[in-house]
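User: Hi! I'm new to this one. Could you walk me through it?
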Amino acid sequence: MWTKPYGKTGVDVSVIGFGGMRFAHPADLDASAAVVRYAHARGINYFDTAPFYCEDKSEEIMGHAFRALPRSSFYVSTKCGSADGGELRASLEKSLRRLQVDYIDFFHIWCLLRPDQLEERIRKGAIGAAQKAREEGLIKHLVVSSHLGGEDNATVLDSGLFEGITIGYNALNFPFRAKTLDAAARHNVGVVTMNPLGGGLIPRNAARLAFLKGPQDRDVVQAAIRFNVSQPAITAALVGFSSEHEVDEAVAAVEHFAPYPAEHIEQVKANIGAGFEGFCTGCGYCLPCPAEVQIPKMMDAFNAKILDGSDGAITDRLKWHWGLAPDAAAACIDCGACETVCTQHLPIRDRLKAIAALVGS
Ligand code: SF4
Ligand code: SF4
């Protein structure tokens, strides 16, 4: 397995990381842990989990798998999204118990959605509590996960608090986070990318996105994973696995693979261009909506228009995939709450109005 140094930590991690948010049957600990152990046997050594993933079972599944593995053979990442220092400590201790380990290799200050949240995590004690846990040896490396844009992430890294950052980054949304990579390279910190397949958008639109493929690539999934890990500033790409077959597919993308030359990456970026900006990645952070608008489904339908260019693509996607009609978009009361937390900074309200206008079309 191809590994890269995680920033200045002295740790080499596999360029494919195991994303622990897609177990097919989380209640089945043995079957789920078997997928984790299989990935480890295939050379994956970075395992990412969090409280609440997979009906709150993901950490337990990972712990069940780790019992059979030498502690020095894997790196585990988990997270806490609380700003309060006491709550972070309690969450960390719970994660240690569930993961059945004495320390967390990469502990994330979880999910910065607004620039002011870093200051809040400092002021309310979360950062201090994590630093204390690091001094005690319960955390090896303090890192951060963020849905902010590139410039805001650069500010987060400029704080010097973190040894690495986890961001959503893929061949469709890369312009939004380019400055994060610049800042990470400047500070020599690790960058783990989540969502390399754009929340399934890339495989679902394989024909339309065929230009992502280089001569060595079997399909767009391979191409999308390689696009991420070929970039020098990116340490690893997290892939959510639910089966051993999926592990094999991802491992095949990086085995015997020479990273894309810079020219190929630039060519892909040029091909994508402005017309592919503004995709919803289906992360769901915009929910709940006070008017119960099913925002990710509506925005997924709008993605279909971005890809296919027609209003009919929206109505087809709503009708045949989601069982919804365009008039469901008219329930929006224009409060704007979703746009303040949208990880892709999408003009959700404008898009909902455009969808609602398709009623009867
Ligand atoms: S702006 Fe509309 S869609 Fe967004 S949260 Fe408010 S009511 Fe819901
Ligand atoms: S609208 Fe934004 S926050 Fe909501 S699912 Fe899409 S990308 Fe995520």
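This is a predicted model: local features need pLDDT of at least 70, side-chain atom pairs count only at pLDDT 80 or more; totals for chains, interfaces and linings use all residues.
Analyst: Happy to. First a term: helices (H or I, at least four residues) and strands (E, at least two) are DSSP runs, numbered from the N terminus. Residues are numbered from 1 along each chain as its sequence is written, chains are lettered from A and ligands numbered from 1 in the order in which they are written, and side-chain values use heavy atoms, with hydrogens and water left out.

User: What is the phi of Gln100 near?
Analyst: Near 60 degrees, a positive value in a residue other than glycine. Most residues other than glycine have a negative phi, and most peptide bonds are trans.

User: Which residues does a cis peptide bond join?
Analyst: Leu287 and Pro288, with omega about 0 degrees. Pro288 sits in the loop between α12 (262-272) and α13 (295-308).

User: How is the protein chain divided?
Analyst: Into domain 1 (3-272) and domain 2 (295-356); such bounds come from an automatic or database domain assignment. Their centres, taken over C-alpha atoms, are 28 Å apart.

User: How many residues are in contact there?
Analyst: 12 residues of domain 1 are in contact with 9 residues of domain 2, contact being heavy atoms within 4.5 Å.

User: And how many salt bridges between domain 1 and domain 2?
Analyst: The count between domain 1 and domain 2 is 0. A salt bridge is a side-chain nitrogen of Lys or Arg within 4 Å of a carboxyl oxygen of Asp or Glu. The structure holds 23 salt bridges.

User: Which residue forms a salt bridge with Glu59?
Analyst: Arg98, with the closest N and O atoms 3.0 Å apart. The pair links distant parts of the chain, 39 residues apart: Arg98 is in helix α4 (residues 85-99) and Glu59 in helix α3 (residues 58-66).

User: New topic: what surrounds ligand 1?
Analyst: Its neighbours include Cys289, Cys332, Cys335, Cys338, Asp334 and Arg349; near means that a heavy atom of the residue lies within 4 Å. By class, the shell around ligand 1 has 9 nonpolar, 1 polar and 2 charged residues. Here Ala, Val, Leu, Ile, Met, Phe, Trp, Tyr, Cys and Pro count as nonpolar, Asp, Glu, Lys and Arg as charged, and the others, Gly among them, as polar.
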